[in-house]
Amino acid sequence: MQHVKNKGRVLSLLTYLYKYTDEESAVTTNELIKELSARGYTANRKTVKDDIDVLVAAGFDIITVKSSGNSYFLGERIFELPELKLLIDAVSSSKFISRNKSMELIEKISGLASENQSKYLVERLYTTERIKSDNGQIYYIVDCLAEAIRLGKRVQFQYWDYTADKEKVLKHDGELYENSPYALVWNDDRYYLIGYSDKYGKVISFRVDRIVEPVITERDSQSEPVDFKVAEYVKKTFDMFDGVEKEVSLICDNELMRVVIDRFGEEIETERYSDTQFRAKLIVNASKTFYGWVFQFAGQIKIEGPKVVKQEFMDMIQNFLKG
């Protein structure tokens, strides 16, 4: 029984050090004795030192501050403070996670730091000020889709959209979509399911936060196309909007090289076009989203070819001017 109590004391000591100590918040031997005693354990200077030695031998980074009574704190953790801050900021700003789920996640993440450090992690959050999804089922949906990918099974679900009156409705009168899921991708602060659709005969994508009640079927997923690569698909579809894949030549002002590389990557083919411009050749899904991206630069990026893509862009501008 005493052996069991000793194990409990070591675990209790570790729990206390994990929750309340860090490099700026060391705890003295006397404070540990008092805390352990309050939890019903027999403790003295020797037992504290022995228990600390056990934890250090087990791989925990317990730092001893030498003094007349010695002080201790937990040093290295699984996540460093800046890493936790990045995770919390990502959750806080994510549009597809609801406000309530965001706060639950943030509380769990901050619990990986000491109590003193967790205050720093959450002291300047503005989660409630940002546009957030109201889909409270997002965890269940993500879990279901991830499990379908793991099992190699198709999923069925409904998909919602908005009417002109800003009302949520199921698309196509509640049509049941079936998809062979390949990947879940976070792109432009949205979460997407990428998979093969038998109905359309190609790989398509869906916003995860608009998926309704997904169900894993007994049918095996359609095998991925031989030349399919998730990273290339994401790059070509421009924020998940479909279009016809075409090779396009762009004439760009020199100052926009960084913008073009940020969008397409360093591997794209470029060459000097003039003293003030360069030519970029790339393969994209020619779509409204692509044309909108070009349009935002107010002539600093021009579509050189092919003619059909250039004409589609001009037609879109004409439609825009019609009002």
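Good morning. At 61% relative accessibility, E213 counts as exposed, where exposed means over 50% relative accessible area, buried under 20%, and partly exposed in between, with a 1.4 Å probe and protein chains only. E213 is found in strand β9. Helices (H or I, at least four residues) and strands (E, at least two) are DSSP runs, numbered from the N terminus.

Before going on, a word on the source. This is a predicted model, in which local features need pLDDT of at least 70, side-chain atom pairs count only at pLDDT 80 or more, and totals for chains, interfaces and linings use all residues. Residues are numbered from 1 along each chain as its sequence is written, and side-chain values use heavy atoms, with hydrogens and water left out.

Let me return to the backbone. What is the phi of E213, which is not a glycine? The phi of E213 is positive, at about 45°. D173 also is not a glycine, and has a positive phi of about 55°. D173 lies in the loop between β5, residues 168-170, and β6. With a relative accessibility of 82%, D173 counts as exposed. Another backbone feature is the cis peptide bond that joins G305 and P306, with omega at about 5°. P306 lies in the loop between β13, residues 301-305, and α11. As background, most residues other than glycine have a negative phi, and most peptide bonds are trans.

I turn now to helix packing. Helix α4 (residues 81-93) and helix α5 (residues 99-110) pack at an angle of about 175°, with their axes 9 Å apart. Here axes are lines fitted to C-alpha atoms, for helices over the stretch in contact, and angles run from 0 to 180 degrees between N-to-C directions. The two helices, α4 and α5, are therefore roughly antiparallel to each other. On this scale, angles under 35 degrees count as roughly parallel, over 145 as roughly antiparallel, 65 to 115 as roughly perpendicular and the rest as oblique.

Which residues meet between these helices? From α4 come L84, L87, I88, V91 and S92, and from α5 come S102, L105, I106, I109 and S110. Contact means heavy atoms within 4.5 Å. The residues of the contact of α4 with α5 divide into 7 nonpolar, 3 polar and no charged. In this division Ala, Val, Leu, Ile, Met, Phe, Trp, Tyr, Cys and Pro count as nonpolar, Asp, Glu, Lys and Arg as charged, and the others, Gly among them, as polar.

A further helix pair is α10 (residues 288-295) with α11 (residues 307-322), which pack at an angle of about 75° with their axes 10 Å apart. That angle makes α10 roughly perpendicular to α11. In α10, K288, F290, Y291, G292, V294 and F295 meet V309, E312, F313, M316 and I317 in α11. The contact of α10 with α11 divides into 8 nonpolar, 1 polar and 2 charged residues.

The next topic is the aromatic rings. Rings of Phe, Tyr and Trp (its six-membered ring) pair if their centres lie within 6.5 Å; planes under 30 degrees apart count as stacked, over 60 as edge-to-face and the rest as tilted. How many aromatic pairs does this rule give? The count comes to 12 aromatic pairs. In one of them, the rings of Y16 and Y20 have their centres 4.9 Å apart and their planes at 40°, so the pair is tilted. Both residues, Y16 and Y20, lie in helix α1 (residues 2-20), 4 residues apart, about one turn of the helix. Y16 is buried, at 16% relative accessible area, whereas Y20 is partly exposed at 33%.

The rings of Y182 and F228 have their centres 5.5 Å apart and their planes at 50°, so this pair is tilted. The pair links distant parts of the chain, 46 residues apart: Y182 is in strand β6 (residues 177-187), and F228 is in the loop between β9 (211-220) and α8 (230-237). Buried or exposed, what is Y182? Y182 is buried, with a relative accessible area of 9%, and F228 is buried at 12%. Elsewhere, ring pairs link F157, Y159, Y177 and F206 into a cluster.

Charges also sit over rings, by the rule that NZ of Lys or CZ of Arg is within 6 Å of the ring centre and within 35 degrees of the ring normal. R77 lies over the face of Y18, 4.7 Å from the ring centre, and R210 lies over the face of W160, at 5.3 Å.
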